[in-house]
Amino acid sequence: MTRPIHLFNTLSRRVEAVEPLTPGVLTLYTCGPTVYNFAHIGNLRTFLFQDLLKRTFQRAGYEVRHCMNITDVEDKIIRDSQKELPEGADNGTRHGAMKALTDRYTQAFFDDLEAVAIPQASFTFLPRATDYLPQMIALIQRLEAKGLAYAREGSVYYRIAGLPQYGCLAHLDREGMQVGTSVDADEYERESLSDFVLWKTFKPGEPSWASPWGPGRPGWHIECSAMGMELLGERIDIHSGGVDLVFPHHENEIAQSEGATGHTWVNHWVHGEFLLVEGEKMSKSLGNFYTLRDLQEKGIDPITFRYAIQSNHYRKLYNFSFEGLTGARNALERLRTFRKRMEGNFESAGGGEWKEALDPLRRIAQAREDFWTALSDDLNTPEALAAIFTLVSDLNAQDDRAALTREERDAALAFLDETNAIFAGWPHEEASLDAEVAALIEARKAAKVAKNWAESDRIRDQLKAQGILLEDRKDGSVGWKKA
Ligand SMILES: [Zn+2]
């Protein structure tokens, strides 16, 4: 049984029920990081909202097949990875420098995700763009065959005039827009609507791959279309990213995928809002630019940051402040204290006059209903959390007067577990299985890199003995499930 979930769809500008193409199985594609630097807290806000979205569907009874790409070839990556190399460096050296930079920041990114309770093992697919060059080239060829792409001087461009629905996501007014020029940059403003680049011809000082159009490299937009279609299919349920990706990135993904297949690619487009810092746009020049590491250096628990982000609605601007984090810390403390109280068996002092009869089991059922009503309505996290806190107040008051029974305490704990499975802030402290398994998967990965097969097998067997089965996937990621 699955609960219906409604989400705002950028395509229709309405809150709509999500109806997976395969009942009970949700396919979710989210644009991953461009790994040339540490993720900043604005980036993390997007990944946290997508984690909440995924966990909500999972707890609502769906199997979620989640693909998040790692962009490991792109303009900024090339700029930063090649600047130290001598002019005459060969292609192998250039690729090596690019890989060294992206490996380093990919690892840093996963470390940050783990810290905010987004385990690597929670993704079904984590493809790296450079592993999907054949799929990107094949997709561009498909567009060429349909007359939607044209080659010019070794580069290939998308002919946007050939696709009537171009602009449907960003709600572009195509009348009066100058169409037909072409642009080589991956990022541009909607005022300069243009034929965008699918394949970029080789430039001195850049790494390149062989292609039917000569040496070059993929444009950023084609990467997501190729990986998403290869791993999740030519029709998917939800595609998500930050609002800054609506145009041109997602508009161009639609053009590429729908141009090639001739049918709808994504049913639901879901975008998360920006984060401001103390009321201002985050920027290095204003000195208000933070990574998660900066917060950790200030002694802030990443889970407190997670809670602060998630206690705000994903479609509202979030104004980050250190004061706000104090509020988040207090809220988490309140829930954790309540959990401890429910885990124990206290003798109540009793004797208080109880004005209103309160049936704790019914009260918990009501809170669960309120919680799910809020989350199902476009992930209304402020109201979902309010449902938990109202219950905490009521049960604390009740327990002060007459101790709750073991059955009532267990019902409250079950509700805390259910809500924690989504928010990840008030776990049962001994329940660290996920973290333990994730650590062993990492250790096994390191053993494999070191070609220490005995150690890698030993870890697999150790997990098996604990009833955990590993699944090595073709994109190199590892999933696990309980036997
Ligand atoms: Zn993307």
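Me: What are the domains of this chain, and where do their bounds come from?
Reply: The assignment gives domain 1 (6-272), domain 2 (280-423) and domain 3 (433-482); such bounds come from an automatic or database domain assignment. Bear in mind that this is a predicted model, where local features need pLDDT of at least 70, side-chain atom pairs count only at pLDDT 80 or more, and totals for chains, interfaces and linings use all residues. Residues are numbered from 1 along each chain as its sequence is written.

Me: How many residues does the contact take from domain 1 and from domain 2?
Reply: It takes 23 residues from domain 1 and 25 residues from domain 2, with contact meaning C-beta atoms, placed from the backbone, within 7 Å. The C-alpha centres of these two domains lie 35 Å apart.

Me: Which element gives the most to the side of domain 1 that touches domain 2?
Reply: That's α1, with eleven residues. Helices like this are DSSP runs of H or I with at least four residues, while strands are E runs of at least two, numbered from the N terminus.

Me: Why is α9 called oblique to α11?
Reply: The axes of α9 (residues 322-343) and α11 (residues 381-401) cross at roughly 40 degrees and come within 11 Å. Under 35 degrees counts as roughly parallel, over 145 as roughly antiparallel, 65 to 115 as roughly perpendicular, and the rest as oblique. So α9 is oblique to α11.

Me: Which residues of α9 and α11 meet?
Reply: Arg334, Leu335, Phe338 and Arg341 in α9 meet Val392, Asn396 and Asp399 in α11.

Note on methods:
Axes fitted to C-alpha atoms, helices over the stretch in contact; angles between N-to-C directions. Contact = placed C-beta atoms within 7 Å.
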